[in-house]
Amino acid sequence: MAITQEEYEVLNRKNINKYSRRIKKIIDKAIQEASAIGASISDFDPNKTFRWQDYPQTSKRIKKILNTLRVALKEEINKGVEDNWKLGKDSIASLKEENNG
């Protein structure tokens, strides 16, 4: 796929924005889920120091959210890197074609 440097810059920026939106959506979902869990703690005493061991079920649910977040972010970042590497390779190939042709 032959692309110009200007086209590469536009596509690269679109990719960055697309993956930024996807990552933000993943993070926002995790925050929303964690907030709902925090709000559901009925026996929370604001005068006591919060300790996870006092809330084992809550801790388990939060750990699950964090693990899901970690996996989803890793997958999305890897996809973004892979897409931009491919785009970069296409751009380099186009530059070589222009210089040799």
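## Basis

The model is predicted: local features need pLDDT of at least 70, side-chain atom pairs count only at pLDDT 80 or more, and totals for chains, interfaces and linings use all residues. Residues are numbered from 1 along each chain as its sequence is written, and side-chain values use heavy atoms, with hydrogens and water left out.

## Salt bridges between the helices

The structure holds six salt bridges. A salt bridge here is a side-chain nitrogen of Lys or Arg within 4 Å of a carboxyl oxygen of Asp or Glu. One of the six joins Glu 76 to Arg 22, at 3.2 Å from N to O. Glu 76 belongs to helix H2 and Arg 22 to helix H1, so this pair ties together parts that are 54 residues apart in sequence. Helices are DSSP runs (H or I, at least four residues), numbered from the N terminus. H1 spans 5–39. H2 spans 56–100.

Glu 76 is buried, at 9% relative accessible area. Arg 22 is partly exposed, at 35%. Buried means under 20% relative accessible area, exposed over 50%, and partly exposed in between (1.4 Å probe, protein chains only).

Lys 86 pairs with Asp 90, with the closest N and O atoms 3.2 Å apart. Both sit in helix H2, four residues apart, so about one helical turn separates them. Lys 86 is exposed, with a relative accessible area of 51%. Asp 90 is buried, at 15%.

## The loop: patch, salt bridge and cavity

Trp 52 sits in the loop between helix H1 and helix H2. Its relative accessible area is 41%, which makes Trp 52 partly exposed. Trp 52 forms a nonpolar surface patch with Phe 44 and Phe 50. Together the three have about 290 Å² of accessible area. Areas come from the Shrake-Rupley method with a 1.4 Å probe; for residues, only the protein chains shown count as cover. Patch residues have over 30% relative accessible area and no salt bridge; like charges are joined within 9 Å, nonpolar side chains (Val, Leu, Ile, Met, Phe, Trp, Tyr) within 5 Å.

Arg 51 and Asp 54 form a salt bridge, their closest N and O atoms 2.9 Å apart. Arg 51 is partly exposed at 40%, and Asp 54 is partly exposed at 31%. Both residues also line the largest cavity, as do Phe 44, Asp 45, Lys 48, Thr 49, Phe 50 and Tyr 55. Its volume is about 40 Å³. The count is one cavity of 30 Å³ or more. A cavity is a set of points on a 1 Å grid over the protein atoms alone where a 1.4 Å probe fits but cannot get out; lining residues have an atom within 4 Å of a point. Grid points are joined across faces, edges and corners, and a volume is the space filled by probe spheres set on the points.

Ser 91 lies in helix H2 and is buried, at 5% relative accessible area. Neighbours within four places in sequence aside, Ser 91 contacts Ile 3, Gln 5 and Tyr 8. Contact means heavy atoms within 4.5 Å.

Ser 59 is also in helix H2. At 11% relative accessibility, Ser 59 counts as buried. Its C-alpha atom is 9.6 Å from that of Ile 37, a residue 22 places away along the chain.

Methods. Helix = DSSP H or I, 4+ residues; strand = E, 2+ residues; numbered from the N terminus. 1 Å grid on protein atoms, 1.4 Å probe; cavity = no way out; pocket = protein on both sides within 12 Å on 5 of 7 lines; lining within 4 Å.
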